[in-house]
Amino acid sequence: MTFSHSDDNDAVHAAIGNAAQALLSAGRTLCRGNLLAHLIKCEQESVGAAKAVYAQAVARLQPKKHS
């Protein structure tokens with residue numbers, strides 16, 4: 001199965017949304033740090049395409065480095 005760029009974006013946005021929902025359901029504060037921690041944990045527990053989606057979600061939430 002191949003993914004188009006829009007499918008990839010949708011999957012990444014869904015992963016971020018699911019992470020936010022999981023944090024809220026657990027009564028945790030919704031902030032970038034908590035989202036990153038949750039997504040990194042999910043990435044470590046995933047394999048294949050799911051791992052790649054979580055890696056992209058983590059990359060999107062990382063602070064941008066200015067050169």
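Colleague: Where does Thr-29 sit?
Modeller: Thr-29 is in the loop between helix H1 (5–25) and H2. Helices here are DSSP runs of H or I with at least four residues, strands are E runs of at least two, and both are numbered from the N terminus.

Colleague: And what kind of model is this?
Modeller: This is a predicted model, where local features need pLDDT of at least 70 and side-chain atom pairs count only at pLDDT 80 or more, while totals for chains, interfaces and linings use all residues. Residues are numbered from 1 along each chain as its sequence is written, and side-chain values use heavy atoms, with hydrogens and water left out.

Colleague: OK, back to Thr-29. Buried or exposed?
Modeller: Thr-29 counts as exposed, because its relative accessibility is 56%. The cut-offs are under 20% relative accessible area for buried and over 50% for exposed, with partly exposed in between (1.4 Å probe, protein chains only).

Colleague: What does Thr-29 touch, leaving aside neighbours within four places in sequence?
Modeller: With those left aside, Thr-29 is in contact with Leu-23 and Asn-34. Contact means heavy atoms within 4.5 Å.

Colleague: Zooming out, how many helices and strands are there in the chain?
Modeller: The chain has 3 helices and 0 strands, and from the N terminus on the elements run α-α-α. Of its 67 residues, 25% count as buried.

Colleague: What share of the contacts with a separation of 6 or more comes from residues 24 or more positions apart?
Modeller: That share is 44%.

Colleague: How do the axes of H2 and H3 cross?
Modeller: The axes of H2 (residues 32–45) and H3 (residues 48–61) come within 8 Å and cross at roughly 160°. Axes are lines fitted to C-alpha atoms, for helices over the stretch in contact, with angles from 0 to 180 degrees between N-to-C directions. H2 and H3 are therefore roughly antiparallel to each other. On that scale, under 35 degrees is roughly parallel, over 145 roughly antiparallel, 65 to 115 roughly perpendicular, and the rest oblique.

Colleague: Which residues make that contact?
Modeller: From H2 they are Arg-32, Leu-35, Leu-36, Leu-39, Ile-40, Cys-42, Glu-43 and Gln-44, and from H3 they are Lys-51, Tyr-54, Ala-55, Ala-57, Val-58 and Leu-61. By class, the contact of H2 with H3 has 10 nonpolar, 1 polar and 3 charged residues. Nonpolar covers Ala, Val, Leu, Ile, Met, Phe, Trp, Tyr, Cys and Pro, charged covers Asp, Glu, Lys and Arg, and the others, Gly among them, count as polar.

Colleague: New topic: how many salt bridges in the whole structure?
Modeller: The search finds 1 salt bridge, defined as a side-chain nitrogen of Lys or Arg within 4 Å of a carboxyl oxygen of Asp or Glu. Lys-41 pairs with Glu-45, and the closest N and O atoms are 3.8 Å apart. Both lie in H2, 4 residues apart, about one turn of the helix.

Colleague: Why is Lys-41 called partly exposed, and why does Glu-45 count as exposed?
Modeller: Lys-41 is at 47% relative accessibility, so it counts as partly exposed. Glu-45 counts as exposed because it is at 57%.

Colleague: What about Val-53: buried or exposed?
Modeller: Val-53 is found in H3 and counts as buried, because its relative accessibility is 15%. Not counting residues up to four places away in sequence, Val-53 touches Ala-11, Val-12 and Ala-15.

Colleague: Last one, where is Gln-62?
Modeller: Gln-62 is in the segment after H3. Apart from neighbours within four places in sequence, Gln-62 is in contact with Arg-32 and Leu-36.
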